[in-house]
Every structure is written in structure tokens, then in C-alpha cells.
Amino acid sequence: MRNVVLEARDIVRDYHIGGGLFSSARTVHAVKGVTLSVEKGRTLAIVGESGCGKSTLARIITLIDPATSGELFIDGAKVDIARGGLTPELRRKVQIVFQNPYGSLNPRQKIGDVLGEPLLINTGAPAGERRDRAMTMLKKVGLEEKHFNRYPHMFSGGQRQRIAIARALMLNPSLLVLDEPVSALDLSVQAQVLNLLADLQDEFHLTYVFISHDLSVVRYIADEVMVMYYGEAVEYGSRDEVFSEPQHSYTRTLFAATPRADIDSIKARLAAKTAA
Amino acid sequence: MALLEIENLVVEFDTASGPFRAVDGVSLSVARREVLAIVGESGSGKSVSMLAIMGLLPWTAKVTADRMDFDGTDLAKLGVADRRKIIGKDMAMIFQEPMASLNPCFTVGFQIEEVLRVHMNMDRRQRRARAVELLEAVGIQEPADRLGSYPHQMSGGQCQRVMIAIAIACNPKLLIADEPTTALDVTIQKQILDLLIKLQAEHGMGLIIITHNMGVVAETADRVIVQYKGRKMEEADVLSLFASPKSNYTKALLSALPENATGKRLPTISDYDPEAAIAGATS
């Protein structure tokens with residue numbers, strides 16, 4: 001049976017920029033009618049360059065911003081935060097991990113409190129239970145008990161991203177939106193965080209919407225891929241389809257621009273250089 | 001003779017808990033017309049060693065080296081004033097954040113002409129003509145009009161082009177690019193790398209690219225140095241580094257690339273024990 005966790009139809013988001021003394025008002029069309037659906041336990045990757053609307057789309061899916069028009073379904077139920085507002089039940093279903101682990105954690109909050117806060121806001125769990133669940137989650141993401149009372153500045157970038165992932169998982173969401181979760185990390189730490197995400201997906205049957213501009217990461221982690229360009233989805237299909245037969249010219253440009261680290265392309269480059 | 005020759009470079013910072021060694025005995029050399037890539041993760045001392053060569057570290061840093069020769073002059077023996085005559089002229093550097101490394105208060109034209117005013121004996125009209133020529137060389141459309149633009153009016157890729165224009169303004173012999181494309185999109189990254197390599201070939205510069213991206217290394221370098229925790233792990237030409245890496249650390253780094261993934265999980269550096277890798281690489 002198909003179990004669709006997230007479905008979006010014709011999502012449009014316009015931003016109105018008010019005119020000032022010297023300029024007239026104008027409208028920016030950030031997202032222009034994107035349709036997508038993700039099944040339970042699968043990963044959809046959204047790729048595109050900066051300014052293509054991928055983070056705006058992430059904010060709409062995470063129910064931070066309402067869409068200007070279009071329909072959003074989460075677990076089969078229609079959601080419209082512009083009208084109905086955001087209930088704690090909805091917030092429990094969708095969570096997000098941001099790009100910059102240095103900016104997304106409050107520097108004056110201990111890690112234990114960071115992890116307990118989603119429970120405090122969205123559930124009626126008593127303090128003892130919040131503490132226990134935070135501790136369990138801390139170990140699940142590969143940190144230790146002694147880290148519970150430390151502050152964010154005492155952690156490395158990779159550890160902070162683990163904390164951000166742990167915080168997002170505190171409410172047992174069914175959908176996790178990852179907005180460039182590894183682009184600020186070193187190669188080896190990136191590998192650790194990607195492994196952690198894969199482990200967690202297996203364990204909790206999580207559904208991921210993974211936003212990235214790094215095609216090698218996308219190729220590794222995604223089941224389906226969407227390529228965005230100026231607010232439109234120019235390519236959408238299974239990973240193998242998109243990578244083997246890109247249809248749109250922008251996708252091909254993107255593939256051509258991605259640096260290749262295999263031996264054949266190094267040989268080809270060196271040969272071209274000697275010939276020149 | 002090599003353009004830049006560094007032997008046993010050590011950089012130490014005094015901290016509350018004693019001296020911290022950021023660069024620990026690194027030796028390197030760059031020839032004219034050569035592209036050298038220095039790869040490593042954050043904290044591997046790759047930027048610090050280049051800043052030490054440029055003389056841009058704060059006074060708290062203690063820089064020592066057995067040898068520090070650039071184009072026949074010993075950099076360690078130069079006074080501050082003599083060193084400033086070389087830096088920006090014969091030896092130039094591009095930084096990671098193009099938006100942050102340009103001064104937001106001045107037009108890009110002013111900032112390009114400033115280098116020419118300090119280092120070259122040019123009058124105002126010659127400087128303006130050279131600035132237009134430089135912007136054209138780095139591929140900016142309508143260069144004469146763009147001279148009056150401020151950095152915030154340009155995109156990240158354009159700012160990086162302006163930075164490159166400033167760096168190559170005095171036809172340097174050596175160009176150091178510190179993570180020149182990290183803040184940019186892949187399509188723009190490709191353009192900037194192509195531009196750097198084109199300029200390097202045209203002017204016969206020595207080029208040092210500092211990066212953590214193995215793809216960038218594969219696309220640009222002739223020779224590669226791999227650094228970890230301030231030490232040199234491996235030095236090899238680009239093909240043998242990728243085809244048959246010698247040190248365990250390089251092997252670990254290459255297998256952590258997602259495109260080399262074989263199973264559902266990626267091998268991580270800790271699987272290889274980097275401390276043992278250091279012990280193995282010192283031989």
C-alpha cells in the first residue's frame with residue numbers, strides 16, 4: 001500500500017516587497033507551482049542553486065510560512081496554517097534541521113534544555129519524563145550522558161548538528177526536513193552525520209526531505225530527486241532516472257559543473273592540459 | 001629553482017594552557033606555472049600556514065622556519081616595510097568569503113585602483129584603464145560601468161571575480177587562493193575555477209589552492225599536499241594521490257566521499273584511527 005506522508009499540489013509563494021521612497025512595490029515569485037509527494041520511509045532530495053526557492057519550499061513544508069496558494073497534505077490531512085493556525089499535533093509531525101549548527105542552537109541554553117524544550121512546548125510531559133527522553137535521544141545520536149549539562153559552544157560542528165537532529169526527533173515526527181544539514185561540515189564529519197541519518201531512518205521509518213546543492217551527497221542519500229530552478233521544479237523523478245537521463249538543460253549544466261574526483265576524469269584533464 | 005620554498009614551517013599560538021602548535025613542521029615548494037593544492041579538514045593548519053607565508057598572522061603567532069624563500073628573497077629576514085612591497089604585488093591572496101573580504105564602503109573600482117596606486121607607478125588615467133582591463137579579464141560584463149558599483153550591488157560570484165581582479169592586478173608571480181569557491185554554488189564554482197586556471201596558464205603564475213573539497217583538487221591541481229592536525233600526511237602528484245594514496249589518512253578521506261560509497265553506510269575517518277595514521281606518515 002502506498003503510504004504518502006507528504007503531498008503538495010501547486011505550491012506558490014510570493015513575497016511582496018513594499019515600495020519605499022525611491023522604489024515602487026514589487027512581487028517576488030519565490031516558488032511557482034511545485035507539486036510533490038513523498039512516501040513513508042523514503043527520501044526526497046531537492047537540489048538547486050541559491051535563490052531558486054528551495055529553502056522557501058522547505059519553510060512551507062515545515063509549516064513555518066504559509067503558501068500563497070496551493071494545497072499541502074500531511075499524513076493525508078489537508079493543512080493550511082494561514083487559516084487554521086499551527087496546532088501542537090501538527091508541529092509534532094513535521095520537524096526541521098537547519099544548515100548552520102552554529103546559528104541554530106541558543107548559546108545560553110544547556111543541551112539538556114535544548115532537547116527538552118520541544119516537549120515542554122508541545123506536550124504535557126512532566127519534567128522527569130522530559131529529562132529521561134532527552135537523555136535517551138542524546139545517546140541515540142551518538143553523544144554521551146556527560147554532554148547533557150554542557151553549552152553549545154563546547155561542541156564541534158558535527159556534534160552540534162547531531163544535537164540539532166536530536167532536537168528535531170524529540171517529538172517523534174513522521175517527516176523531517178533537512179535544510180543543507182551537512183554543507184557546513186568537514187568531509188569525515190559529513191560521512192558520520194549521513195550515516196547517523198541513515199541509521200535513524202531505518203530505526204524510526206522516518207521520511208526525509210533533504211535539501212542540498214551537493215549532487216554527490218544527493219546521489220548517495222536520495223530515493224527521489226527534484227531539481228529546482230528559479231522557483232520551478234524543472235526535473236522530478238527517481239534518483240536513477242534523474243542521474244542517468246537528465247531531461248532539462250539546467251540539470252545537465254549542474255551535472256557538468258560538479259567536480260569529478262574519479263581517476264579517468266583526472267587523466268582526461270591532465271591530457272588536455274599537456275596538449276594545450 | 002622553485003618560486004616558493006618553505007622548509008620545516010612551525011606556527012605556534014600562545015594560549016592559556018600553553019603554546020598551541022597549529023602548523024607542525026610543514027615543508028612545501030611551488031614552481032612557476034605549477035598548481036599546488038593543499039587539502040585538509042578544518043583545523044589542519046592549511047590556512048594558517050599560508051597566512052604565515054603572507055605575514056598576515058597576528059603578533060600572538062610565533063612563526064619559525066628553517067627556510068622561507070620566495071623568488072630568491074628570504075622572507076624571514078625582510079622587515080615589515082620590505083615585506084609589504086612584495087605582498088599584494090608579487091604574492092597575492094584570495095579569501096574564502098568574497099562578500100566579507102571587500103570593503104563595503106568603497107566602490108569596487110576604488111578597491112582595484114588602490115592596489116595599483118600602492119604598488120605600481122601609474123597615473124590616474126592609467127589606473128582606470130587597467131581596472132577596466134582587469135574586470136574584463138575576470139569576465140565581468142560592462143566593466144567600465146561596474147567600476148562604480150559597491151560590493152553589495154554584486155552577487156557572491158561577481159565579488160569573488162573582483163577579488164581575483166585585485167589579486168592579479170600587479171601580475172603576481174604567486175597566487176594563493178584560500179577556499180576560493182566554498183561559499184559559491186556549483187555552477188559558479190566551476191566558472192571561478194576555470195577562470196583561475198585560465199589566468200594561471202596565461203600569466204605563468206604559481207597557484208596554491210587551499211580546499212577541503214576533493215573534487216576541486218581533482219579538477220585543478222598538478223600536485224597535492226594532504227594536511228592533518230598541522231602535519232603533512234602525504235605529498236603526491238594528483239593522479240597518484242587519487243589512484244594509489246599512500247597514507248591511511250588520505251585513503252580514509254577518499255573513501256568518505258559519498259560518490260565512492262559502496263554500501264549503505266560510509267566509512268568514517270575514525271574507522272582508520274588518525275593518530276596511527278600520523279605515526280605512519282612521519283617516516
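Val47(A) has Val227(A) as its bridge partner in strand 9 of chain A. In this predicted model, local features need pLDDT of at least 70 and side-chain atom pairs count only at pLDDT 80 or more, whereas totals for chains, interfaces and linings use all residues. Residues are numbered from 1 along each chain as its sequence is written, and chains are lettered from A and ligands numbered from 1 in the order in which they are written.

Strands (E, at least two residues) and helices (H or I, at least four residues) are DSSP runs, numbered from the N terminus; two strands pair if DSSP finds at least two bridges between them. In chain A, six strands form an open sheet of mixed pairing, in the order 6-7-8-3-9-10. Its edges are strand 6 (94-97) and strand 10 (232-238), each of which pairs on one side only. From one strand to the next, the twist averages 15°, where axes are lines fitted to C-alpha atoms, for helices over the stretch in contact, and angles run from 0 to 180 degrees between N-to-C directions.

Strand 3 (residues 43-47) of chain A runs parallel to strand 8 (residues 207-212) of chain A and is joined to it by five bridges; Thr43(A) has Tyr208(A) as its bridge partner there. Four bridges join strand 3 to strand 9 (residues 224-229) of chain A, again in parallel.

Strands 9 and 10 of chain A, by contrast, run antiparallel and are joined by six bridges, with Met228(A) partnered by Ala233(A) in strand 10. The hairpin of these strands has two residues between them, and Tyr230(A) takes a positive phi near 50°.
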